[in-house]
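Trainee: I have a new model to read. Can we test its labels against their definitions?

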Amino acid sequence: MRVAKISGPINFTGARTQYNIDSHVHSGKWGPENARYTIKDILEISGKPLELNIGGEKQTNIIKYNFVTNLEALNLENGKPIKDEITGNLDLLKEAAGKSNIKVLAVCQPGYGSAQNIEKLLSENPGQFIGLKFHPESLPIPANDPKLEPYLEIARKYNLPCLFHSGLTGSNSCPRKIYEIARKFPDVPVILAHLGAGTDHKDAINVMIESINKNDALLYCDTSWVDHKNSDGPVLKELIERLSNTIQGDKTDRILFGTDMPLGEFGAPGHKIENFYSINMENVKNALKKNFGENADALIEKIFYKNAEYLYNLSNDAAEAKHNFFQILKKNKVIVGICLFFAGAGGFVYAKNKPDSDKKPAITPKIA
Ligand SMILES: [Zn+2]
């Protein structure tokens with residue numbers, strides 16, 4: 001696998017540029033908060049460079065990708081989803097068209113829709129949906145119900161990770177119930193979103209470790225609502241310590257940064273806290289800095305970017321962008337030649353008159 005370089009150079013303000021992937025984001029109408037979110041709302045929060053203080057160092061953070069699902073397909077009204085699997089997922093795909101920092105996961109509705117709907121979406125929109133999403137609480141169904149199995153078959157066929165809302169022990173979204181279905185599809189990556197929301201996260205961590213020790217499922221987790229207000233990061237500390245030392249070795253590749261933005265304090269009317277997205281990122285990154293010393297930066301790179309890039313197979317995007325750039329260069333040889341001539345001439349004039357003190361490094365961030 002080609003590994004992306006995600007730490008950019010120090011820019012002219014003295015801040016380091018860092019790339020991130022938020023693997024858990026939503027748009028659409030969410031009944032519990034009586035709110036409707038759009039891609040525009042998401043990008044207002046994460047679409048601009050975020051200036052953070054990480055371990056006492058200024059850092060510019062860019063969210064390169066937001067992985068988004070449509071809440072309208074996850075949300076029941078009068079006993080049925082507001083939008084069905086076809087409409088809800090296609091509506092979000094349309095809204096996301098042309099936005100390179102938005103990637104879409106298809107919402108699945110076991111018990112309400114059918115896996116054939118999802119297969120139709122995937123075959124008619126190749127490469128457009130990067131994963132599947134399940135919410136066994138919002139669309140109530142126990143995560144281990146056989147009705148989910150045809151969907152997992154589709155995930156296996158199309159090589160897609162499955163993001164599951166995970167919650168209270170014993171509930172529909174109990175981590176152990178999710179583990180049960182994941183065990184039936186041991187080559188399909190299954191992500192425990194929130195690492196057991198509303199719990200102390202111990203059950204979800206135990207389930208992950210058990211699956212790794214038994215080597216019978218491919219369980220991941222995301223960090224949404226985990227230590228999001230606690231920069232000491234006690235849960236993340238335990239999670240990382242235990243995943244670092246499994247009988248299969250270091251499995252910290254199983255952790256993905258995610259937020260659940262723009263829900264709750266990120267953007268919900270009456271709950272929103274200004275800059276909460278930056279506060280959350282600072283807390284999680286600083287928790288890793290505090291607890292993992294010289295290993296912290298490598299862990300941050302994995303959890304905030306590389307793990308998701310690898311799991312969701314996004315490394316080709318960078319190669320594709322480079323390819324497109326060179327295609328444009330080829331097609332526009334004459335124009336580019338003229339531009340380069342004037343740029344060169346301008347540079348020569350500038351260099352001749354440049355003050356000696358002006359020795360700033362290049363500001364263009366690199367991503368390979
Ligand atoms: Zn969510």
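Mentor: Start with K285: it is buried yet has no salt bridge. Buried means under 20% relative accessible area, exposed over 50%, partly exposed in between (1.4 Å probe, protein chains only). This is a predicted model: local features need pLDDT of at least 70, side-chain atom pairs count only at pLDDT 80 or more, and totals for chains, interfaces and linings use all residues. Residues are numbered from 1 along each chain as its sequence is written, and side-chain values use heavy atoms, leaving out hydrogens and water.

Trainee: How do you know that K285 has no salt bridge?

Mentor: A salt bridge needs a side-chain nitrogen of Lys or Arg within 4 Å of a carboxyl oxygen of Asp or Glu. For K285, the nearest side chain of opposite charge, D297, is 8.6 Å away. Lys and Arg count as positive, Asp and Glu as negative; His and the chain ends are not counted.

Trainee: What does K285 touch, not counting residues up to four places away in sequence?

Mentor: Q18, N20, I54, Q59, N61, I300 and F304. Contact means heavy atoms within 4.5 Å. K285 itself lies in helix 8. Helices (H or I, at least four residues) and strands (E, at least two) are DSSP runs, numbered from the N terminus.

Trainee: Why do the buried residues of helix 7 line one face?

Mentor: They are V235, L236, L239, I240 and L243. Seen down the axis of helix 7, they fall within an arc of 120°, so they line one face. The arc is that of the directions from the helix axis to the C-beta atoms. Their cover includes helix 6, strand 12 and helix 8.
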